[in-house]
Structure formats: C-alpha cells, structure tokens
Amino acid sequence: MAKVKGAIVVNIERCKGCQICVPTCQQKSIAMSEALNSKGYHYAMTINDECNGCINCGLVCPDGVITVYRKKYD
Amino acid sequence: MSAPTREDICQLENEVYSRTTLLTPAPLSYCPGCGHGTAHRLIMEVVEEMNLQADTIGVAPVGCSVLAYDFMDIDMQQAAHGRAPAVATGIKRLYPNKFVFTYQGDGDLAAIGTGETIHACNRGENITIFFVNNGIYGMTGGQMAPTTLPNMKTSTSPFGRDVETMGYPLKITELIANLPGTYFVSRQSVHTAANVRKAKKAIEKAIQYQKLKKGLCFVEIVSNCNSGWKMTPLDSNKWMEENMFPFYPLGDIKVPK
C-alpha cells in the first residue's frame, strides 16, 4: 500500500514565531526553536519524522513562511 | 521501498503548498499571528487560481492594512479613510470588466466609512468588499471601535465597554445583508486550517459572483488582534472563539437563491 511522507521547509528569517502552526499540526511535529532568527523571534521547526504533508500549517501561517512537500512511496 | 529521506521529499515536483507568487517578497508589516496576513494570502491565492492577476484592481484602506498595495502584486489604489467603496465604485464603473475589490478593517468600514459602505451596498455596485473585523482599532493603539464587544477592555474603555454610555457593537454585516443591493454576504475566520478552507471557498464565491453583475459581494473575516487585545496569538485565537464567535456567528448570511 502506498504511504505518504511529508516535510516542511520554514523560511526562518521570515518566521515571526506566532506559534499558530504548532497546535494545528495533527502529527505534533512542529515546535518553536531555542535559537533566534535575526529579528529576535523563535522560529518554527520540525521535531520529528511524522509529517504527512497535510498542509494545515501552511494554510494557517499568517506570513506564508511554510512550504510543504509530500511524496508517495510503497 | 524504504521511506524517502528529507532530501528526497523536498524536491520541487513534490511541493504541495507554498506562498503564492502574487504576494510580493516584501515582509508583511503585521504583528506576529495577525489574521491580516492569512487574509491577504487567501485573496491572492484565489486571484492566482482564477488567473485574474491582470484583471484585478484592489482598493487599500486606511488602518493596519494601509500598506496592502505593497504586499499584493496586482493593481492597487489607496483610498482615503473609509472611502474605499466609493473609490471602488468609480473604478468599477470605468472598467466594468475588471474584478474590483476593497480590503477594509472595521475602523475603516464600520466607523468612518459607514455611509460609503451602506450606500455602495444599497446601490448594488458590482464590487467585492473584504472586511477584516477584529473589534478594535489595531493600528493606532487598540482604541474602542464600533465593533468592540460589550465589556471588552480597550485602551479607551479600560473598564470594559459600557453599553449604557458607549452604545452597542455594530453588526454591519447583518445590517448590509438586509439591503436589496447585496448578492452574497458571508462571515468567516482564518484562525484554524478548517476555517481557512471555508474562508477561501467564500472568497472564491465572492469573486465568481461579481462576474454575474447581480450586486455587491461582502465577505467578513473575523480576526484576532493579539497586540490590541494584549494577548499571545494563541490566547487571542482562543478568546476570539469564546467571545467573538457567539456575537459574530460564522457562516453565510445571505446566499443567492
């Protein structure tokens, strides 16, 4: 059976650290970084391998910093 | 086959969602977590999907979204405070085949521009109005707006809005839905993924219905103002669900028969 696996790429310098993407992720794979970007915000990052590419985080991100990828495999 | 690595997944052919190219590369000037950014992106996504980039003219308001013309990569015009429906009327009458929309906040549309809004709706101008309602004047420091909820604390009502002296909140969306000139009136929000999908459908309808030339389409987007409400973005979304939505219920208010 085909499975899907996803990944997100966060535009770190554009992320404002609002955390709206964190509860919207059903796989609990987004958290805020310890490090700061050049504007002084904690940015969003993936913390596990569970992403299925559902694009929920991309939809709610006010600044559109999240690009979502999804790939099917057997 | 084993699971692909992150490098295999992050290829252009696997991309399923990215920021629309109709938003300019300029960083949005909004506070972290503000619904304006999502609303901008949704409108531009719909314009891109319907291939209307060359045929769209937007009218920017005064308020937090005054710089919308810097972020939306389409033809834009800036209007005086509250006068966006009047400017859009003129543009639409000169270019009846263009898609004309205004993007306004509650201090712009429901306070200083009430007259323009109501009369543009009553005349049934074939324009689309996107109304972002956060119940506060966000740009100038969180003062009380006509849409501020009863007992809501703002910088000019520090003990809460007292309806006996300060009046009742104005439900302008319900008001204009009663006018015969409006064709499609809807209220949505953009704080969760499900609501974003619904809001996008409403925006699509509002753009499609404009081509029918049956009247004005109006989409209200209930948004948070975490800076003005003095909350974190997540808390303000929760507060919005608990307090704003009972007063401003989401859904289509007027749909074409």
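1. Starting with a term: on a 1 Å grid over the protein atoms alone, a pocket is an open set of points with protein on both sides within 12 Å along at least five of seven lines, and its lining residues have an atom within 4 Å of a point.

2. Some ground rules. This is a predicted model, where local features need pLDDT of at least 70 and side-chain atom pairs count only at pLDDT 80 or more, while totals for chains, interfaces and linings use all residues. Residues are numbered from 1 along each chain as its sequence is written, chains are lettered from A and ligands numbered from 1 in the order written, and side-chain values use heavy atoms, with hydrogens and water left out.

3. Back to the pocket. Its lining has 17 residues, and B:Val62, B:Gly63, B:Cys64, B:Tyr137 and B:Gly138 lie nearest the centre. Helix α5 of chain B (residues 106-112) gives the most to this lining, with 3 residues. Helices here are DSSP runs (H or I, at least four residues), as are strands (E, at least two), numbered from the N terminus.

4. Have a look at A:Lys5, in strand β1 (residues 3-10) of chain A. A:Lys5 is buried but has no salt bridge, and the nearest side chain of opposite charge, A:Asp49, is 4.3 Å away. For the terms: buried means under 20% relative accessible area, exposed over 50% and partly exposed in between (1.4 Å probe, protein chains only). A salt bridge puts a side-chain nitrogen of Lys or Arg within 4 Å of a carboxyl oxygen of Asp or Glu. On charge, Lys and Arg count as positive, Asp and Glu as negative, and His and the chain ends are not counted.

5. What does the side chain of A:Lys5 reach at 2.6 Å? The backbone oxygen of A:Asp49. Leaving out residues up to four places away in sequence, A:Lys5 touches residues of both chains, including A:Tyr69, A:Tyr73, B:Pro4 and B:Ile9 (contact means heavy atoms within 4.5 Å).

6. Over all chains there are 12 salt bridges. One joins A:Lys16 to A:Asp63 at 3.1 Å, N to O. A:Lys16 sits in the loop between β1 and α1 (21-24) of chain A and A:Asp63 in the loop between α2 (56-60) and β4 (66-73), so the pair ties together parts 47 residues apart in sequence. Both ends are buried, A:Lys16 at 13% relative accessible area and A:Asp63 at 10%.

7. In chain B, B:Lys200 and B:Glu49 form a salt bridge, with the closest N and O atoms 2.8 Å apart. B:Lys200 is in helix α9 (residues 193-212) and B:Glu49 in helix α2 (residues 35-49), so this pair ties together parts 151 residues apart in sequence. B:Lys200 counts as buried, at 16% relative accessibility. The salt-bridge network here links B:Arg41, B:Glu45, B:Glu49 and B:Lys200.

8. Finally, B:Lys238 and B:Glu242 pair up in a salt bridge at 3.9 Å, N to O. They are 4 residues apart in helix α11 (residues 233-247) of chain B, about one helical turn. B:Lys238 is exposed at 52% relative accessibility, while B:Glu242 is partly exposed at 49%.

Technical notes. Polar contact = N/O pair within 3.5 Å; in protein donor to acceptor, adjacent residues only side chain to side chain. 1 Å grid on protein atoms, 1.4 Å probe; cavity = no way out; pocket = protein on both sides within 12 Å on 5 of 7 lines; lining within 4 Å.
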